Amino acid sequence: MDVLLRGAAIYLFLLLIFRISGPRALAQITTFDFVLLLIIAEAVQQGLLGDDFSVTTALLLTVVLIGIDIAFSWFKDRSPWFARTVDGVPLLIVDHGELLRDRMDRARIDEEDVLTAARSSQGLSRMDEIDYAVLERNGAISIIPRKA
Amino acid sequence: MQRHDDLQLEEYPDFQRREWLVQRVGWAVMLLIVLGAALGLFGVGPLSEAGAGTDGRLAVDYERFVRFQSETELHVRLSGDALSEGRATLWLTAGYLDGMRVSQVIPEPESVEVSGDRLTYTFAAAPEATEVGVRFVLLPTRIGGRTGEIGTGHGPGFSLNQFVYP
């Protein structure tokens with residue numbers, strides 16, 4: 001019983017806090033973001049398991065976490081609103097080469113983030129080679145190059 | 001929903017605006033949580049400090065907010081009538097200790113006596129001592145509010161009120 005509540009509470013709390021912090025928070029943009037992710041995992045792990053070292057608890061917890069995930073994806077398939085609430089929505093940040101500053105500010109993205117994504121994913125060197133840029137739900141920025 | 005001519009992307013401007021608003025509110029709540037934690041709302045801090053007694057025989061310091069499976073200490077200073085013939089006595093209600101595991105009592109008691117709903121601890125004290133300090137190291141094993149009483153001798157006790165966070 002206890003382990004079910006712990007698993008569900010931690011799952012929901014983490015979901016809430018990561019949705020509040022926005023998609024870019026831990027999109028592994030820097031090495032330190034990755035380190036931060038490891039530290040968070042370590043901190044949460046204690047609360048999930050406490051001082052219970054049994055295999056039963058570890059298996060139960062895995063079942064609970066994966067089970068909630070499956071249940072959520074089932075609901076997401078049936079309710080677009082639920083899917084948007086849990087996963088967020090994509091956001092257009094460059095439209096026909098024009099930076100949508102207001103949106104970028106609110107999503108805490110700057111021009112450099114867009115250029116980084118353009119260089120690493122498309123090998124583009126300048127802003128005017130970009131047609132569209134979209135901030136995806138997973139925090140990545142996808143770049144669509146301008147057609148020659 | 002908003003569509004673009006040559007980019008197949010479904011945007012939800014209203015939803016996005018609401019999300020940003022909720023995020024800002026969430027950040028404010030996180031700030032409040034951090035401030036509350038700094039002040040001791042979740043244990044260790046001015047808001048969490050609590051005391052009981054101070055009637056010349058007994059003075060107790062403890063944490064009002066404690067956490068599940070996380071050690072906390074109860075400090076007791078015994079003086080006056082609580083000390084007699086080289087012995088210091090102190091009792092706690094058994095109900096309080098239901099949800100608290102006593103990990104350690106410092107100094108070690110000479111004896112622990114169970115009577116009705118009370119546990120009476122007796123400590124050996126130097127005959128000339130006018131005040132002795134006792135520490136209970138406690139591990140909360142139940143979540144929620146905990147109340148109990150602490151006292152010395154046969155007189156009425158002082159109430160302890162704690163909240164155990166999950």
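Me: In which loop of chain B does Glu85(B) lie?

Reply: Glu85(B) lies in the loop between strand 5 (83-84) and strand 6 (87-93) of chain B, where strands are DSSP runs of E with at least two residues and helices are runs of H or I with at least four, both numbered from the N terminus. This is a predicted model, in which local features need pLDDT of at least 70 and side-chain atom pairs count only at pLDDT 80 or more, while totals for chains, interfaces and linings use all residues, and side-chain values use heavy atoms, with hydrogens and water left out. Residues are numbered from 1 along each chain as its sequence is written, while chains are lettered from A and ligands numbered from 1 in the order in which they are written.

Me: And is Glu85(B) buried or exposed?

Reply: Glu85(B) counts as exposed because its relative accessibility is 77%; buried means under 20% relative accessible area, exposed over 50%, and partly exposed in between, using a 1.4 Å probe and protein chains only. Glu85(B) also has a positive phi of about 50°, although it is not a glycine.

Me: Which peptide bond is cis, then?

Reply: The bond from Ile106(B) to Pro107(B) is cis, with omega near -5°, and Pro107(B) sits in the loop between strand 7 (100-106) and strand 8 (111-115) of chain B.

Me: Changing topic, how is chain B divided into domains?

Reply: An automatic or database domain assignment supplies the bounds, and chain B is divided into domain 1 (1-39) and domain 2 (46-165). The C-alpha centres of these two domains of chain B lie 48 Å apart.

Me: What about the domains of chain A?

Reply: Chain A has domain 1 (2-87) and domain 2 (91-145), and their centres, taken over C-alpha atoms, are separated by 28 Å. The contact between them, meaning heavy atoms within 4.5 Å, takes six residues from domain 1 of chain A and eleven residues from domain 2 of chain A.

Me: Which residues touch the most other members of the largest nonpolar core?

Reply: Leu74(B), Val76(B) and Phe136(B) do, in a core of 29 residues; such a core is a set of buried Ala, Val, Leu, Ile, Met, Phe, Trp, Tyr and Cys residues joined through side-chain atoms within 4.5 Å. Strand 10 (residues 131-140) of chain B gives the most to this core, with four residues. Apart from it lies another core, of 19 residues, including Leu99(A) and Leu135(A).

Me: How much space lies in the largest pocket?

Reply: The largest pocket holds about 1600 Å³, a volume being the space filled by probe spheres set on grid points that are joined across faces, edges and corners. On a 1 Å grid over the protein atoms alone, a pocket is an open set of points with protein on both sides within 12 Å along at least five of seven lines, a cavity is a set where a 1.4 Å probe fits but cannot get out, and lining residues have an atom within 4 Å of a point.

Me: Which residues lie nearest the centre of that largest pocket?

Reply: Of its 40 lining residues, Ile10(A), Phe13(A), Ala43(A), Gly47(A) and Pro166(B) lie nearest the centre. Helix 1 (2-21) and helix 2 (31-49) of chain A, together with helix 1 (13-39) of chain B, are the elements that give two or more residues to this lining, and the largest share, 13 residues, comes from helix 1 of chain A. By class, the lining has 28 nonpolar, seven polar and five charged residues, where Ala, Val, Leu, Ile, Met, Phe, Trp, Tyr, Cys and Pro count as nonpolar, Asp, Glu, Lys and Arg as charged, and the others, Gly among them, as polar.

Me: And how many cavities of 30 Å³ or more does the structure hold?

Reply: The structure holds one cavity of 30 Å³ or more, and the largest cavity has a volume of about 140 Å³. Its lining has 18 residues, and Pro23(A), Leu135(A), Gln16(B), Glu19(B) and Gln23(B) are the closest to its centre. The lining of the largest cavity divides into six nonpolar, four polar and eight charged residues.
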